[in-house]
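Open the model in your viewer and get ready to click along.

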Amino acid sequence: MKFIQFLKTKGAIAAIFMGIFYSIAMLGIFLPGYSAIPGNVDKLPIAIINEDTGAYGAKIADQLQENLPFKKIETNLTNSQALKDLEKNDLALVVRIPETFSADMQKDKTASSIDFTINEAGATVVSSTMKSVVTEINNQLSEQFSQQTAQGVLMNFNVPEKQAAELAKKIETAYVGNIVTVNKMPDGMNNNMLPMFLTMAGYVGAMIGAMQLVGAFKSSRGKASKT
């Protein structure tokens, strides 16, 4: 049998068809799926929990709602409820303003902080996107609070060197963002890529098993019933 004749057989035609079909099917699934990021990041749900009764907490909560690039922001949840939703991946990020936030802002030696909780057991793209968003938020808040603190410092000129150093330190530590992760991944990309490896291993295993099963059927042809 010549090669051209072989390619015209039902088996060769079916193999070529299935190879092309699976390639197109996988591309048709993966490409639209990955195109959702970052275009649909604004559709990810997050929660802002303001436990602070002072002016600073309310102001920051309002600023976050106005400036964060998310359309669905929950504000009526308790911190425990939000964390449960985060565990179930019903939320992508939980922002918690602690009850001592305003008080800490008014103290001389205490840095105020906001908790940003991310679930690393969720989709890798989502958790990495949330980390980038949190980093940007922390940078902006740190700059904002440092400027506010600096305004108070600049009102005091001709201060002693020791006192000036203390005031400079106060400016630098006016705000410190606190990033909290739940279900933290162990070190090593193998842990992060495990879902993909499991899917790939299952697919390849099923394909090899199916090939072996076909061979077993052929070897038993005529010895067993159709069932």
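## Stop 1: one side of a helix

Start by selecting helix 4, residues 79-87, and colour its buried residues: Asn-79, Ala-82 and Leu-86. Look down the axis of helix 4: these three cover an arc of only 65°, which puts them on the same side of the helix.

What do the buried residues of helix 4 pack against? Show strand 1, strand 3, strand 4 and strand 5, and you have the answer.

Now step just past the end of helix 4 and pick Asn-89, which takes a positive phi of about 65°. Asn-89 is a residue other than glycine with a positive phi value. You are now in the loop between helix 4 and strand 3. Is Asn-89 buried, partly exposed or exposed? At 45% relative accessibility, Asn-89 counts as partly exposed.

## Stop 2: step back to the whole chain

Zoom out. What you have open is a predicted model, and the chain averages a pLDDT of 76, with 74% of the residues scoring at least 70.

Of the 227 residues in the chain, 25% are buried. Taking contacts between residues at least 6 apart in sequence, 71% of them join residues at least 24 apart.

## Stop 3

Next, focus on strand 1 (residues 46-50) and strand 2: they run parallel and are joined by two bridges. Click on Ala-47 and look across to strand 2, where Glu-74 stands opposite.

## Stop 3: a helix residue and a strand residue

Select Ala-61 in helix 3. Ala-61 is buried, with a relative accessible area of 7%. Beyond its neighbours within four places in sequence, Ala-61 is in contact with Ile-48, Asn-50 and Ile-97. Draw a distance line from Ala-61 to Ile-97: they are 36 residues apart in sequence, yet their C-alpha atoms are 7.9 Å apart in space.

Move to Thr-117, which belongs to strand 4. Is Thr-117 buried or exposed? With a relative accessible area of 7%, Thr-117 is buried. Among the residues that Thr-117 touches are Leu-83, Leu-86, Val-180 and Val-182.

## Stop 4: the nonpolar cores

Show side chains for Leu-68, Phe-70, Leu-93 and Ile-114. These residues have the most contacts inside the largest nonpolar core, which has 24 residues. Two or more residues each come from strand 1, helix 3, strand 3, helix 5 (101-106), strand 4 (115-119) and helix 6 (124-153). Which element gives the most to this core? Helix 6 does, with five residues.

Centre the view on Phe-70. Leaving out residues up to four places away in sequence, Phe-70 touches Val-41, Asp-42, Leu-44, Ile-46, Met-130 and Val-133. Then look for a second, separate core of seven residues, including Ile-49, Leu-86, Leu-91 and Val-94.

## Last stop: Ser-127

Finish on helix 6 by selecting Ser-127. At 8% relative accessibility, Ser-127 counts as buried. Its contacts, apart from residues up to four places away in sequence, are Ile-118, Asn-119 and Glu-120.

Terms used. Residues numbered from 1 in each chain as written. Predicted model: local features only at pLDDT ≥ 70, side-chain atom pairs only at ≥ 80, totals over all residues. Heavy atoms only, no water. Pairing = 2+ DSSP bridges. Helix = DSSP H or I, 4+ residues; strand = E, 2+ residues; numbered from the N terminus. Core = buried A, V, L, I, M, F, W, Y, C linked by side-chain atoms within 4.5 Å. Buried < 20%, exposed > 50% of the residue type's maximum accessible area, 1.4 Å probe, protein only. Contact = heavy atoms within 4.5 Å. pLDDT = per-residue confidence, 0-100. Arc of directions from axis to C-beta.
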